[in-house]
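Subject: Structure handover

Hello,

Here is the structure we discussed. Please look through it alongside the notes below.

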Amino acid sequence: MFADAVAGSRLALGRLLTVVERGGPSADVVSDLAQPLTGRAHILGITGAPGAGKSTLVGELVARLVASGCRPAVLAVDPSSPLTGGAILGDRIRMDGAAGSSVDVAAGKAPASQLGHAFIRSMATRGHSGGLAVAVPLAVRLFDAAGYDPVIIETVGVGQVEVDVVGAADTAVVVATPGMGDAVQANKAGLLEVADVFVVNKADRPGASDVRRDLELMLDLGHITGQEAPDGYRPPIVMASALEGTGSGDVLDAVAAHLDYLESTGRRAQRRRHRVRAEVLARMEQAMVRRAVELADGAEGRELLNAAENGELSPTSVSAKLLEQLG
Ligand SMILES: Nc1nc2c(ncn2[C@@H]2O[C@H](COP(=O)(O)OP(=O)(O)OP(=O)(O)O)[C@@H](O)[C@H]2O)c(=O)[nH]1
Ligand SMILES: [Mg+2]
């Protein structure tokens, strides 16, 4: 199945992504198979507040990339909050629209030279054992191994894990909008701080130039520094209206310029090291948490927990005793 996916089978790739999403030993096998083929794709992270227009923008970017002969892949990380349930469905429809065009290509309805192939996939964060911090990097490596470039990760920038995943991409794009509220507030989750490129989307709406001015000011004052501040890289601010179809070319230009910058300064290798470290730590953390739960639920763990409930032992000593067995 892996060989099929690498040879271009969308069906095989889709199945492998499901394996990755579920996690466990089979996903580890996929990881090892993919590894030697990785390191080519430009990894783009796109994040922003719920409803900022990320999916609409990604749809635009994909259409442009495909038209220029690229094979982009998109991993849309579904927000797990029930509040955005409607948006998830909306995403599926819009994203499927972009995917549909590539399916048509595959079916020979449009010249492949004109459209190429895009692969678009939603990954649910809810209820899968893998954990976002583990499943997303592996899915990205799988897309890379299968020859997709760029690989675009879309996340909603409300959680630390999501911001971390996007911040570890080669190029992190943060989508802001008019009415997003106080930009300082928006930076609480570190959202603005990870940006390599800012997009002020919904530029068709009033207030877009105010958002731009606020961001410029925050950059001037050093309230946002960007990830490469010591080198003097200043994240550009691109105005876009995904709805009117303007600005997406400028976004791709800014993203390409950032990649040039990363490569010419050796920063790309640094990002890769950072990414590998984050993934390894996330995997270790996941394995250790699983083991800790096993220990707490085991016979001795239950006994110790009972003793703590009765007041005979403190939680401190119970955890210390159980930790002794963790190794
Ligand atoms: N006026 C205007 N509306 C836009 C623009 N881009 C997106 N929208 C609208 O904003 C709404 C949200 O767009 P999405 O692309 O789903 O936003 P998102 O950031 O992916 O949303 P979540 O994934 O739910 O966080 C939709 O109704 C879009 O039609 C734009 O440039 N201008
Ligand atoms: Mg979306």
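One cut-off first: a residue counts as buried under 20% relative accessible area, as exposed over 50%, and as partly exposed in between. By that rule R283 is partly exposed, because its relative accessible area is 25%. Bear in mind that this is a predicted model.

The overall picture

The protein chain has 14 helices and seven strands. It runs to 327 residues, of which 46% count as buried. Take the contacts between residues at least 6 apart in sequence: 76% of them join residues at least 24 apart.

Salt bridges

Side chains of opposite charge can pair when their charged atoms come close. Searching the whole structure gives 14 salt bridges.

R283 and E279

R283 pairs with E279 in a salt bridge, at 3.7 Å from N to O. Both residues sit in helix 12 (residues 267-297). They are four residues apart, about one turn of the helix. E279 is buried, because its relative accessible area is 10%. R283, at 25%, is partly exposed.

R121 and E21

Here the salt bridge spans 3.1 Å, N to O. Which parts of the chain does this pair link? R121 belongs to strand 3 (residues 119-124), and E21 to helix 2 (residues 10-22). The two residues are 100 apart, so the link is between distant parts of the chain.

D220 and R234

In this salt bridge the closest N and O atoms are 2.9 Å apart. D220 is in helix 10 (residues 208-220). R234 is in the loop between helix 10 and strand 7 (237-239). The pair therefore ties together parts that are 14 residues apart in sequence. D220 counts as exposed, because its relative accessibility is 54%. R234 has a relative accessible area of 38%, so R234 is partly exposed.

Then go to helix 12 for R283 and E279.

Best wishes

Definitions and conventions:
Residues are numbered from 1 along each chain as its sequence is written. Chains are lettered from A and ligands numbered from 1 in the order in which they are written. This is a predicted model: local features need pLDDT of at least 70, side-chain atom pairs count only at pLDDT 80 or more; totals for chains, interfaces and linings use all residues. Side-chain values use heavy atoms; hydrogens and water are left out. A salt bridge is a side-chain nitrogen of Lys or Arg within 4 Å of a carboxyl oxygen of Asp or Glu. Buried means under 20% relative accessible area, exposed over 50%, partly exposed in between (1.4 Å probe, protein chains only). Contact means heavy atoms within 4.5 Å.
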